[in-house]
Amino acid sequence: MITKDLNEITREDVVNLCQETPLSRAICASFVAQSSDDRFPLLHFNAQFYVVMHDYLDKLAVRRIQRGKDKAGMPKVTMHEISQEPAHRNQFEQITNWINSASIEEQRDVFCIGETGVGKTNFAMNILNELIKRGFKVHYYDYCLLIYSLRCLLGTEGYNQKLDEFSKHKAVLLDDFLFRPVLPGEVEILKDIIDRCHSNGCSIIITTQVAEKDWKAHLGSGLAVDACIDRLCNGPFIVKFAGKSYRSREAEHMDINNQQEEA
């Protein structure tokens, strides 16, 4: 409730009132900056309010751009030699929880890299399951099938409708990235996927057998390739898996059991 005579309100009264919240303090800083101009008091209220908010939003945009630059300068986070063997289970769970929290707060991408059968997809699915538990929408895509379906939709309204799916999720998993040779037009489609995800706060989780340093060699050359690599390699988590394929371990275990039975 206003108890003071409105005709007696001073500039200092406005400044003091605006110290209540971070937002009001930021707007107040714009008010103070603009009121130093002799022309500002001569404007009617609507014009004053417009000028102050315009100044505030300009400064907010600058801060967002700077945060983006700061994020671009973040080093890659690489966790070496992890596996899902029992001896490393605690480490596996800790890294999963850490990545989940950071991907939610910072919208960072995750690369799961390793040979076949070492647990990349299982690790990535654990991340998705944890996000689901926290109330977020996620989606699994077989990368090869996704590219094939989008290539079939090129030039149609269905293409944009398919891309719109990415704007509805907190994270998407592209499984078996670069599993086969790159198709004509694939890089441009990949760029569209990346842009649609990143512009809507959606993290991209990739599982692949190809090390990130070799992606450009597989994708080829050109501006679209450079754009894809630049966007994907902007401060991601890189999880590299070691150890034998669980399939080969199971086969070895079966051989041992068979030998014991024969003996």
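**Ground rules.** I am working from a predicted model, where local features need pLDDT of at least 70, side-chain atom pairs count only at pLDDT 80 or more, and totals for chains, interfaces and linings use all residues. Residues are numbered from 1 along each chain as its sequence is written, and side-chain values use heavy atoms, with hydrogens and water left out.

**Whole chain.** I found eleven helices and six strands in the protein chain; these are DSSP runs numbered from the N terminus, with helices being H or I of at least four residues and strands E of at least two. Of its 263 residues, 36% count as buried, where buried means under 20% relative accessible area, exposed over 50%, and partly exposed in between (1.4 Å probe, protein chains only). I also looked up contacts (heavy atoms within 4.5 Å): among those between residues at least 6 apart in sequence, 79% join residues at least 24 apart.

Which residues of α6 are buried? I noted Tyr143, Cys144, Leu146, Ile147 and Leu150. They cover an arc of only 160° around the axis, so they sit on the same side of α6; the arc is that of the directions from the helix axis to the C-beta atoms. Leu145, Tyr148 and Cys152 are exposed on the other side. The cover over the buried residues includes β3 (138–142), α7, β4 (171–175) and α8 (186–198).

**Helix α6, its ends.** Asp142 caps the N-terminal end, with a side-chain oxygen 3.1 Å from the backbone nitrogen of Cys144. This is a polar contact, a pair of N or O atoms within 3.5 Å; within protein, one must be able to donate a hydrogen and the other to accept it, and residues adjacent in sequence count only if both atoms are side-chain atoms. After α6 comes Gly155, which has a positive phi near 85°.

**α6 against α7.** I next checked how α6 (residues 143–153) packs with α7 (residues 157–164): the angle is about 145° and the axes are 7 Å apart. Axes are lines fitted to C-alpha atoms, for helices over the stretch in contact, and angles run from 0 to 180 degrees between N-to-C directions. Leu146, Ser149, Leu150 and Leu153 of α6 meet Gly158, Tyr159, Lys162 and Leu163 of α7.

**Asp109.** I found Asp109 in the loop between α4 (89–106) and β2 (110–113). Is Asp109 buried or exposed? Asp109 counts as buried because its relative accessibility is 5%. Its side chain reaches the backbone nitrogen of Ile204 at 2.8 Å. Leaving out residues up to four places away in sequence, Asp109 touches several residues, including His198, Arg231 and Phe237.
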